[in-house]
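Please keep the sequence and the structure in view while reading.

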Amino acid sequence: MAIVYEFVWQVLHVLLHIHRTLITWFRIRLRNWNGRLWSRALTALIVPMALSFPNQKNIVPAPGKRVGRRYRWGADGKSLEKLPDHIGLLIAEEEPRYTDIANLVVWCMAVGISYVSVYDNYGVFRRNNSRLMDEILKQQQELLDLEGSKQLCVEFLNNGTDKQDQQVLSCQSVLKVLSPDDGKLRIVQAAQQLCRAVEQRDKTSNDINVTVLDSLLRESKSTPDPDLVLKFGPVESTLGFLPWHIRLTEFISLPSHVGVSYEDLFSALQRYASCEQRLGK
């Protein structure tokens, strides 16, 4: 009887090992099958999504968006209670960025400002007129999608005369590039001119007054004095920006022109529109 019990026990032990082996085998197969199924499911979901996106290198701004942006900027200008006819951009920083300045000029023209003056204390922009002009034309194309005759017109004025560096017909905006020579030095030259006129008896001392000096200091009677000057940089000074022409000018300081945005410019225009100018009263 003991032999029978021992035989039955060994059979049960063998069956238990077979059962464990089969369970382990089924688990491995099931895991592999689930893995392949999950991988196929992910592939079925991801591949169509990936194919639905175009190559990022081929993505370019839609012309319609730039056109809409141009009209929006124009509408922004019309929405203001008052808009400066002449705005000055005073760069009080050592390293001017041409692209950022060009952006500011194009935005000013887009909102409807007729005269834009760019000034830096080192005369960098005056010495590099052509480079600034090229950058402005480039930014007109990129920001406003304007080409050929549809471009906003730009004039460079030779300060001190009515002669233009570049003749442009039917200009909507005039760009003036200024340097320190147009400030205090120009006043000194005008005073010397009046002194020579008195010395040569072309004028008398009684003929000299504010009106006569004013006429000598204005290079073009059609160019108004700046209504607003935006000063970029930490320096709290006008740095000689047209001292004769800014007696009624509003000044607004901004931290830097580097990386300046359209929102920064429009915020400054809103501040100007809401300020009360007493004009000496």
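In this predicted model, strand E4 and strand E5, the latter spanning residues 250–254, run parallel and are joined by five bridges. Within this pairing, Lys 231 stands opposite Ser 253 in E5. Strand E1, which covers residues 86–91, is also parallel to E4 and is joined to it by five bridges, and here Ile 91 is the residue that stands opposite Phe 232 of E4.

| Partner of E4 | Residues | Bridges to E4 | Direction |
|---|---|---|---|
| Strand E1 | residues 86–91 | five bridges | parallel |
| Strand E5 | residues 250–254 | five bridges | parallel |

Strand E4 itself comprises residues 228–232, and five of its five residues are buried, so that the strand is mostly covered. The cover extends to both faces: Leu 228, Leu 230 and Phe 232 are buried on one side, while Val 229 and Lys 231 are buried on the other.

The loop between E4 and E5 contains Thr 249. Because its relative accessible area is 12%, and the cut-off for a buried residue is under 20%, Thr 249 counts as buried. When residues up to four places away in sequence are set aside, Thr 249 touches Pro 226, Asp 227, Leu 228 and Val 229, and Leu 228 and Val 229 are among the buried residues of E4. A polar atom of the Thr 249 side chain also lies 2.6 Å from the backbone oxygen of Pro 226.

Key
Residues numbered from 1 in each chain as written. Predicted model: local features only at pLDDT ≥ 70, side-chain atom pairs only at ≥ 80, totals over all residues. Heavy atoms only, no water. Buried < 20%, exposed > 50% of the residue type's maximum accessible area, 1.4 Å probe, protein only. Helix = DSSP H or I, 4+ residues; strand = E, 2+ residues; numbered from the N terminus. Pairing = 2+ DSSP bridges. Polar contact = N/O pair within 3.5 Å; in protein donor to acceptor, adjacent residues only side chain to side chain. Contact = heavy atoms within 4.5 Å.
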